[in-house]
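This briefing goes through one protein model by topic. Please look over the sequence and coordinates before the notes.

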Amino acid sequence: MPGLQLRGVAKSFRNTEVLSNVDLDVAPREFIAFLGPSGSGKSTLLRIIAGLETADAGEVILDDRRIDGLPPGQRGVAMVFQHYALYPHMSVRQNMAFGLRNARVPQDQIDRLVEDAARVLEIDPLLERKPAQLSGGQRQRVAIGRAIVKSPKLFLLDEPLSNLDAALRLRTRVELAQLRERVESAFIMVTHDQAEAMTLADRIVVFNDRRIQQIAAPMEIYARPANRFVAQFVGSPAMSILPATLADGGTLASVKLGDGSRIDTSVGRDSLPAGAQVELGLRPEHVRVVLSGEANTEATVDLVERLGERSLVYARLRDGQQVTAEAEGTTTAKVGDTVGLRIDGAAAHLFGPDGTGYHRAAA
Ligand SMILES: Nc1ncnc2c1ncn2[C@@H]1O[C@H](COP(=O)(O)OP(=O)(O)OP(=O)(O)O)[C@@H](O)[C@H]1O
């Protein structure tokens, strides 16, 4: 099978397991983002694929070849580090040529590969400079260039944009998307930035607690999170999670919140596990601050965050549960006010006692 397969990969440092039985399939030319909290093993898995770290168990297979026993240079992968890791005493040209020279590629071929990559990345006027004479964004491109010249089957990017300022980061994100169209390789990128993952990736892999929590397309992760962790981790501000009691009967689940309000969801009643205790998950856009006539519950305002066109209202329901709502940009709501809330039950998520997510049937 072409592409990358991970089978049963496990890794511990001393006695602490950081990855447990990880399976993953990456298609040729696919762009994958690894997302997860700090310490969830994203970089460790990337380093295992690159050959900079050895797994305790499992297999790494690239284009039908088992590569986990091979040294990094023979795996057909190229890694771009957060701190670029350029050699300061070498010119851009020498930095980009370094790996090829080690692999004993003939000089005329090296020159051609370096110049082609420099043109793609628009750093050809900088080839004779040293890294200290470059901006952060330019260094970043040299680091990518050094990977491109190896024509890897797989690019591994460890937070490649995190050292850039906000504007440059956005621009480089666009460039990365363009680069991806021009090369035949697959990409795996570790990032802390959800927007980056949502924009660039075909699929996002969410890590937590030693395991992959979900692998899916960005909007699928957002709209149909596999469990409570993914639901709260992806999306900003985070989804509100409210304890709820499942009402009897009906084909679609209705729940009662702690403040006594009843919410009708679009989640199939019989898809839920037996037992009455669930949690209701609400994205901010599904809880609106409205006039009392349209409200299905009310809350006390803790904070209003004005974003211009809209405002985010952080509030507490009558039973003290916290909820994040949206209001018009012009809302007059202020701290301490009681406001009406319209909860869109049809868009709500439910979570079972083990955290499994249940959603409305896909449209
Ligand atoms: N060489 C090492 N020796 C001991 N512990 C390590 C080593 N490398 C990583 N760890 C530990 O393994 C866990 C996973 O680290 P890893 O860097 O893979 O996480 P991450 O998800 O990439 O985190 P971040 O987002 O902060 O980079 C952490 O608890 C880390 O402290």
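The notes below cover the overall build, the ligand shell, the core, the strand pairings and some backbone details.

This is a predicted model, in which local features need pLDDT of at least 70 and side-chain atom pairs count only at pLDDT 80 or more, while totals for chains, interfaces and linings use all residues. Residues are numbered from 1 along each chain as its sequence is written. The protein has 8 helices and 21 strands; helices (H or I, at least four residues) and strands (E, at least two) are DSSP runs, numbered from the N terminus.

**Overall build and domains**

- Along the principal axes, the C-alpha atoms of the protein fill a box of roughly 75 × 45 × 40 Å.
- Of the 363 residues in the protein, 37% are buried. A residue is buried if 20 or more other C-beta atoms lie within 10 Å of its own, exposed if 12 or fewer, and partly exposed in between, with C-beta atoms placed from the backbone.
- Among contacts in the protein with a separation of 6 or more, 64% are between residues 24 or more positions apart. Two residues are in contact if their C-beta atoms, placed from the backbone, lie within 7 Å.
- The protein is divided into domain 1 (4-230) and domain 2 (237-358), with bounds that come from an automatic or database domain assignment.
- The centres of domain 1 and domain 2, taken over C-alpha atoms, are separated by 39 Å. Each side of the contact is counted: 6 residues come from domain 1 and 6 residues from domain 2.
- The side of domain 1 that touches domain 2 has 3 nonpolar, 1 polar and 2 charged residues. Ala, Val, Leu, Ile, Met, Phe, Trp, Tyr, Cys and Pro count as nonpolar, Asp, Glu, Lys and Arg as charged, and the others, Gly among them, as polar.

- Around the ligand are Phe13, Val18, Gly36, Ser38, Gly39, Ser40, Gly41, Lys42, Ser43, Thr44 and His192.
- Helix 1 (residues 42-50) gives the most to the shell, with 3 residues.
- Helix 1 is mostly covered, as 8 of its 9 residues are buried. The buried residues of helix 1 include Lys42, Ser43 and Thr44, which are also in the ligand shell.

**Nonpolar core**

- The largest nonpolar core has 93 residues, and Ala33, Phe34, Leu156, Ile188, Val206 and Leu280 touch the most other members. Domain 1 and domain 2 both give residues to this core, so it lies between them. A nonpolar core is a set of buried Ala, Val, Leu, Ile, Met, Phe, Trp, Tyr and Cys residues joined through C-beta atoms within 7 Å.
- Not counting residues up to four places away in sequence, Leu280 touches Leu242, Ala244, Val255, Leu257, Ile263, Ala348 and Leu350.

**Sheet and hairpins**

- An open sheet is formed by 6 strands in the order 13-12-11-14-20-21, with antiparallel pairing. Strand 13 (262-268) and strand 21 (357-358) stand at the edges, each with a single partner strand, so one side of each is left without a neighbour in the sheet. Two strands pair if DSSP finds at least two bridges between them.
- Strand 20 (residues 349-351) pairs with strand 21 in the antiparallel sense over 2 bridges, and Leu350 stands opposite Tyr358 in strand 21.
- Strand 1 (residues 4-13) and strand 2 (residues 16-26) run antiparallel and are joined by 7 bridges. Val9 has Val22 in strand 2 as its bridge partner.
- Strand 17 (residues 310-317) pairs with strand 18 (residues 322-328) in the antiparallel sense over 7 bridges. In their hairpin, which has 4 residues between the strands, Gly320 takes a positive phi near 90°.

**Backbone details**

- Arg14 lies in the loop between strand 1 and strand 2 and has a positive phi of about 50° although it is not a glycine. With 4 C-beta neighbours inside 10 Å, Arg14 counts as exposed.
- Asp63, in the loop between strand 4 (57-62) and strand 5 (65-66), is not a glycine but has a positive phi of about 45°. Asp63 counts as partly exposed, with 14 C-beta neighbours inside 10 Å.
- Ser236 and Pro237 are joined by a cis peptide bond with omega of about -5°. Pro237 is in the loop between helix 8 (228-233) and strand 11 (240-246).

How values were computed
Near = placed C-beta within 6 Å.
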